[in-house]
Each structure stands twice: as structure tokens, then as C-alpha cells.
Amino acid sequence: MEPVRTCIGCRSRAPRSSLLRVVLLDSRVVADAAAVRPGRGAWLHPTRECFRLAERRRAFGRALRVNGQPDTSDVENRLNG
């Protein structure tokens, strides 16, 4: 049975393989496609809709336990192509 994670954008549960892990690296949120980077991670559907929901809810800061809103431009660029 595959592990299940919760998307920080839409808050729905999904298999780990269908979500993108993001981690904090030097106060920037970066994608961890291989899910091997050290540190606290958060899971997100790799869609712009879930990314926008997570930004609007300020979920990145809460999920990664950071004060304030971290820079999410790297993840946004990855999702935009």
C-alpha cells in the first residue's frame, strides 16, 4: 500500500506519487521531485490551482514552520513550465 499525504493547497489526501514535495532551502521554497532533500517537507499537487490555494491560505509558512511568507517563486516557475 502506497503512503498517503495531504496537499497543502486543496487539503485533499492523495498517494505520495501524485504529489510534489517542497522543502525550505535558504528561505526559498524549492521543489524536491525525488523527495530526498533533508528537512521538513510539505506536499502539493503539481497544479497551479493547488499552488494558488496554498499561497492564498499562507500554507507554505505554516507547513514548513517558518515565520512570515517564504519565497515560492521557484515552485511557481516549475509549475508554469
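Leaving aside its neighbours within four places in sequence, which residues is Leu 24 in contact with? The list is Val 29, Arg 40, Leu 64, Val 66 and Pro 70, where contact means heavy atoms within 4.5 Å.

Before we go on, a word about the model. It is a predicted one, in which local features need pLDDT of at least 70, side-chain atom pairs count only at pLDDT 80 or more, and totals for chains, interfaces and linings use all residues. Residues are numbered from 1 along each chain as its sequence is written, and side-chain values use heavy atoms, with hydrogens and water left out.

**The sheet**

Leu 24 belongs to strand S3. Helices (H or I, at least four residues) and strands (E, at least two) are DSSP runs, numbered from the N terminus. The C-alpha atom of Leu 24 is separated by 6.9 Å from that of Leu 64, although these residues are 40 residues apart along the chain.

Strand S3 is part of an open sheet of 3 strands, with the order S4-S3-S5 and antiparallel pairing. Two strands pair if DSSP finds at least two bridges between them. Strand S4 (28-32) and strand S5 (41-44) are the edge strands, each pairing on one side only. On average, and with direction ignored, neighbouring strands of this sheet are turned by 35 degrees against each other. S3 (residues 20-25) and S4 run antiparallel and are joined by 5 bridges. Look for Leu 25, which stands opposite Arg 28 in S4.

**Residues in the loops**

You can find Asp 26 in the loop between S3 and S4, and Ala 35 in the loop between S4 and S5.

How open are these places to the surroundings? The table gives relative accessible areas, with buried meaning under 20%, exposed over 50%, and partly exposed in between (1.4 Å probe, protein chains only).

| Residue | Relative accessible area | Class |
|---|---|---|
| Leu 24 | 32% | partly exposed |
| Asp 26 | 64% | exposed |
| Ala 35 | 22% | partly exposed |
| Thr 72 | 6% | buried |

Thr 72 lies in the loop between helix H2 (59-63) and H3. Leaving aside its neighbours within four places in sequence, Thr 72 is in contact with Val 29, Phe 51, Glu 55 and Phe 60.

**The helices**

Two packed helices are described by the angle between their axes and the distance between the axes. Axes are lines fitted to C-alpha atoms, for helices over the stretch in contact, and angles run from 0 to 180 degrees between N-to-C directions. Helix H1 (residues 48-56) packs with helix H3 (residues 73-80) at an angle of about 160 degrees, and their axes are 10 Å apart. That makes H1 roughly antiparallel to H3, a term for angles over 145 degrees.

H1 passes H3 in a left-handed crossing, in which the near helix is turned anticlockwise from the far one by less than a right angle. From H1, the contact is made by Arg 48, Phe 51 and Arg 52, while H3 brings Val 75, Glu 76, Leu 79 and Asn 80. These residues divide into 3 nonpolar, 1 polar and 3 charged. Here Ala, Val, Leu, Ile, Met, Phe, Trp, Tyr, Cys and Pro count as nonpolar, Asp, Glu, Lys and Arg as charged, and the others, Gly among them, as polar.

Finally, back to the sheet: H3 lies across S3, S4 and S5, and runs at about 40 degrees to S4.

Notes
Angles under 35 degrees count as roughly parallel, over 145 as roughly antiparallel, 65 to 115 as roughly perpendicular and the rest as oblique.
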